Every structure is written in C-alpha cells, then in structure tokens.
Amino acid sequence: ATVPAPSVGWRRAPLIGRQRELTSALGQWRNAKSARVTLLVVEAESGGGKSRFVEELATRASLDGGVIATRAVPADLDQPGSAMLGLARGGLLQSPGVAGANPAALALLAAELSDWAERFPPKSSVSTPSKMGGLDAALIEVLRVTSAERPHLLIFDDAQWIDPTSYQMVERLIRDLPRAPILIVLATTPEPAPPKLAELRTRIGGGRDIAGATIVLGRLTTESLRELVRWALPSYADESVDRLARRIAADSAGLPLLAFEIAHAIAQGLDLETANGAWPHPLRTLDSTFPGDLPDTIIASIRVGFRCLTRAAQQALVATAVLGDRVPAKRISCATDLKGEALHAALDELEWRRWLVAESRGYVFVARIVRDIVLRDMITDGERLRIEAKKC
C-alpha cells in the first residue's frame, strides 16, 4: 500500500482521550485557588501518559498561578528530603514574594542550595537556621509567603520514587497551611507503592481530612486511538482509520506512549506490513518489559523517531542514556562536546519530541523502556566507552 506523505511532522500531539480526567483535575485547581490546600494523585502505569497529563494541567494552571515541578528517580529514595529540595530548585526561588519570607528560613535554604545562597547570602544578624525547626519548616514558610502572592501548583512527577522524608514534609505542608491556595499533584505509577503515599490516598476527599481527589488514567480506548490516527494521518479514509486504530491497539496495548510513537512513525513513512507482533505478555507491565519482548512495530517506530532527530539531538540522547537516570546539562555537554546554543537546541528538541523530561537537577527519559532501546540499538560499544571515559 502507498504510504501518504508525512502530514504531522513533529507537531505537539493534543491530549487525547483524557478530557473527563482533565476536567476533574482543573476542578481541583479551582478548589485550591479558593484558598484551600488540595492534594491530587494522578496514577497511570508506566507509559500511561501521566507526565503528559500533568504537563497539560500545568499549562492551563500557569495562566493564573505559579507552577513549580520536580521529578524523582529511584536514586532519590536514599536521599532524605530530595524531592522537596528538588521543588526548591524547580522554580520556588523565582516566585514573587519569596524575599518576604522569614530570614532564618531563607538562611536555611541558602545553606542547602547554592542558587539560594547566591540570592540570599548569609548575614551574621540572622538567627541560626536550626531555630526554624528544620528544612520542612523553612519550605513551608516560603510557600506560605509566595502562595499569598499567587496560587501554586506543585508537581511531583514519578512520585513512586519520592523519599519517605519528603512525604513527611508534604504531609506537614498540608497540615500547617490548610488555607493556602496550593494544589499538590503526586503523579505516580501503581507500583512500587510507598506506604506514606498509600496512607495519603486514604485521606483524600469524601469528607476526609484532606481535600482533593485521585485520578486514574486508563489505557486509550479504540475511539481515542481513532482520534489519534485522524490527527496524525488526516488524509486516511474512515475504513483505513479503523483498521490502523485496531493495529495500534494490538501493538501498543493502548498505552499512550507507545501508541503515539507508532502514529508518529507511520506519519514519517513506517510501513506496518514489514512489522509484526503484539504486546504485552500476560501480567507484564512496560517497566518489567525488555526491548526484545516488544513487538517489531514499536521498536521500528522508536528507531524511526531517532533517525528523525538532528545529529546533535541524537548525540545528546545517547549520552543521557549512557550517563544515568538523571543527567545535568553540563554533563551532557562534556560527553558530547555540544556547547551553548547547540546544546540548548538539542535538548529543547528532545523535550519537544518527548524523549526527555527536564527538571532542575537534570534530564530524565520519559520512559525507562525507551532508554533501554536506545542503549541496546542506537549506540556502539565504542561510543558508550568514550562517553563513560570523559571526566567532567
């Protein structure tokens, strides 16, 4: 069959199949803006679109509030307070009104974080940070002051990797600032399930002690996949749309990450007649899947997407895959010799095309399985060794 000319390019895909859930989330944002701290848990399996969902929520909320986001990785479990410190690095310092916080709170944060120390250098007349009662009290004080200037949306993505200390700090924030216009979003996978997160979920909504809701993002329905095909390939007739939607449903199991990769690849010329296989295996989640277990369609789609990247973006992506779960831009620069605007353009391209997600501490792959495929199929042993050997 003749493949239609590419029509979608790399336009940002719309949020498909989530309108009801988005409406619910925006309702929680309105509740928070009415001066009531609110907790929203967004749950989806790996590849289920939680990051894209909270990104859409953040875009809407940024019209009338401040958005501060951080993303956890497995290594954070061993770093007490890392998620809350990530929040402090993720935009809190730039919030209007921050300078009006108690000087002791600012001093404590300055002692922990270099960028805070640059703006609020230590002063001998300020009380010792220990009198503030700890980092959690300092952050709560800053959030109290800044949320009085404008409502806050605080996003913790991949909340399944948040350390126990940070969860205790979130709990204290909810307790100590009950009338603050703050929406806290915990975006998580079902497993692993941190005990403190499970406890917080039992206290949300329904007359319980924490205002908020839990939203579970399911897999895309056949109708949603038809909508995706119509967006990606508008020249397809209805019969072709139905046939392709069924094929994508079989190969992606309705997971948005995989479905969108396939649709993009088809728009770029991928011929599905040369690929076969269906996924998933029984009782297998995307996080527990190896690249070799995915159908040819998905592997081919990711390869097509990789080949469509500029050479600089390919270099930056490969380096990020080799260097770890979360990689700072400076480390990527050192490993690739990309500098200045060339580095920024490559990283922006990878964010725009949803290979990587940026947060204050570095860049993270949208999904582990994609990183595994890059490591397996898109890098030579020599290239890997050269990247690892570069000392920065």
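The side chains of R226 and D242 meet in a salt bridge, with 2.9 Å from N to O; a salt bridge is taken here as a side-chain nitrogen of Lys or Arg within 4 Å of a carboxyl oxygen of Asp or Glu. R226 lies in helix α9 (residues 222-232) and D242 in helix α10 (residues 238-252), so the pair ties together parts that are 16 residues apart in sequence. Helices (H or I, at least four residues) and strands (E, at least two) are DSSP runs, numbered from the N terminus. R226 is partly exposed at 23% relative accessibility, and D242 is likewise partly exposed, at 26%. Buried stands for under 20% relative accessible area, exposed for over 50%, and partly exposed for values in between, with a 1.4 Å probe and protein chains only.

The model is predicted: local features need pLDDT of at least 70, side-chain atom pairs count only at pLDDT 80 or more, and totals for chains, interfaces and linings use all residues. Residues are numbered from 1 along each chain as its sequence is written, and side-chain values use heavy atoms, with hydrogens and water left out.

In total, the structure holds 35 salt bridges. Side chains of opposite charge can pair when their charged atoms come close. One of these bridges joins D176 to R175, with the closest N and O atoms 3.0 Å apart. Within this pair, D176 is partly exposed at 30% relative accessibility, whereas R175 counts as exposed at 57%. Another bridge links R376 and D377, at 2.6 Å from N to O. R376 has a relative accessible area of 42% and is partly exposed; D377, at 27%, is partly exposed as well. Beyond such pairs, a network of salt bridges connects R52, E55, E56, R60 and R354.

Five strands make up an open sheet in the order β2-β3-β4-β1-β5, with parallel pairing. Its edge strands are β2 (66-71) and β5, each of which pairs on one side only. Neighbouring strands of the sheet are turned against each other by 15 degrees on average, direction ignored. Such angles run from 0 to 180 degrees between N-to-C directions, the axes being lines fitted to C-alpha atoms, for helices over the stretch in contact. Strands of a sheet pair through backbone hydrogen bonds, either parallel or antiparallel; two strands are counted as paired if DSSP finds at least two bridges between them.

Strand β3 (residues 152-157) pairs with β4 in the parallel sense over five bridges. The bridge partner of I155 in β4 is V185. Helix α2 (residues 50-61) packs on the sheet and touches β1, β2, β3, β4 and β5, its direction making about 170 degrees with that of β3. Contact means heavy atoms within 4.5 Å. Helix α6 (residues 135-149) lies across β3 and β4 and runs at about 130 degrees to β3.

Strand β1 is joined by six bridges to strand β4 (residues 182-188), the two running parallel. Six bridges also connect β1 with strand β5 (residues 211-216), again in the parallel sense. T38 stands opposite L183 in β4 and opposite A211 in β5. Strand β1 (residues 38-43) is largely enclosed by the rest of the structure, because six of its six residues are buried. Both of its faces are covered: T38, L40 and V42 are buried on one side, and L39, V41 and E43 on the other.

The largest nonpolar core has 64 residues, of which L228, L317, L350, W355, L356, V370 and V374 touch the most other members. A nonpolar core is a set of buried Ala, Val, Leu, Ile, Met, Phe, Trp, Tyr and Cys residues joined through side-chain atoms within 4.5 Å. Helix α11 (residues 256-267) supplies the largest share of this core, nine residues. Not counting residues up to four places away in sequence, V374 touches L317, V318, A321, W355, F365 and I379. A second, separate core of 47 residues includes V37, F120, A180 and L186.

Among the loop residues, S95 lies between α3 (82-89) and α4 (103-112). S95 counts as buried, at 4% relative accessibility. Leaving aside neighbours within four places in sequence, S95 is in contact with I68, T146 and H152.
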